[in-house]
Amino acid sequence: KRGEISGKEYNPEAVLDMTISQKDEAYEVRDLPGAGSFNERIEHYYFQNETGNTLSSLRWQAEAVLEKRKTAFLITLEHIREKSETYQKFERYKHFGDLVISNIHTLKKGDKALLTEDFLDPGATLEIELSPTLSPSENAEHYYRKYRKARKGIGQLEKQKYEIETAIVELENMLSMVRESTDESFIRSAA
């Protein structure tokens, strides 16, 4: 602060011993612009300062809250996109289940993989991972379950993606309005 010296001790007797003229010189009063008495000008000055700071502080807080929500939505949207990419391969799970069923006579419980010709791509060989703890029919059912889950999930993900994208647009609009607003109650309600 002005006039303070870090690491030094405060000596109140020295201030008390100062004469009135020395104190006036040490603590000079600022001349404030405007009309009215000195007290009215001080009130006006601090009211303007406080209102500006409050509005600025409120705006900053509201923007921080809205940006945090937006970031959370963007992270969720990225997770949805990643899951959607996984689910896009849902037809492949059905195909794996079909291949396991068509080769069930060659499989036994404990097999870790099935190496077979791909009937959708003649001449190509596919290696399908199997769970050694499951029987061949249970392995096929495992792939069919993944297929059903992914097929059902893709529709739900699209709905969630739309809802989150809409929420992000609404947040961006709200952020824009908060940045331009001078209405304290509106800014408070936005956060």
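Predicted model: local features only at pLDDT ≥ 70, side-chain atom pairs only at ≥ 80, totals over all residues.

Visitor: Which residues have the most contacts inside the largest nonpolar core?

Guide: Look for buried nonpolar residues joined through their side chains. Here the largest such core has 22 residues, and Val100, Leu114, Ile128 and Leu130 have the most contacts inside it. Helix H3 (38-87), helix H4 (90-102), strand E2 (125-129) and helix H5 (136-180) each supply at least two residues of this core. H5 gives the most, nine residues.

Visitor: What does Leu114 touch, beyond residues up to four places away in sequence?

Guide: With those set aside, its partners are Leu99, Val100, Asn103, Thr106, Leu107, Leu126, Glu127, Ile128 and Leu130. There is also a second, separate core, of nine residues. Leu55, Leu66, Leu171 and Ile187 are among them.

Visitor: Now the loop residue. Where is Asp118 found?

Guide: Asp118 sits in the loop between strand E1 (113-117) and E2.

Visitor: Is Asp118 buried or exposed?

Guide: The cut-off for buried is under 20% relative accessible area. Asp118 has 10% relative accessibility, so Asp118 counts as buried.

Visitor: Which residues is Asp118 in contact with, leaving aside neighbours within four places in sequence?

Guide: The contacts of Asp118 are His95, Leu99, Ala124 and Leu126. The side chains of Asp118 and His95 are joined by a polar contact of 2.6 Å. These two residues lie 23 residues apart along the chain, with 9.2 Å between their C-alpha atoms.

Key. Residues numbered from 1 in each chain as written. Heavy atoms only, no water. Core = buried A, V, L, I, M, F, W, Y, C linked by side-chain atoms within 4.5 Å. Buried < 20%, exposed > 50% of the residue type's maximum accessible area, 1.4 Å probe, protein only. Helix = DSSP H or I, 4+ residues; strand = E, 2+ residues; numbered from the N terminus. Contact = heavy atoms within 4.5 Å. Polar contact = N/O pair within 3.5 Å; in protein donor to acceptor, adjacent residues only side chain to side chain.
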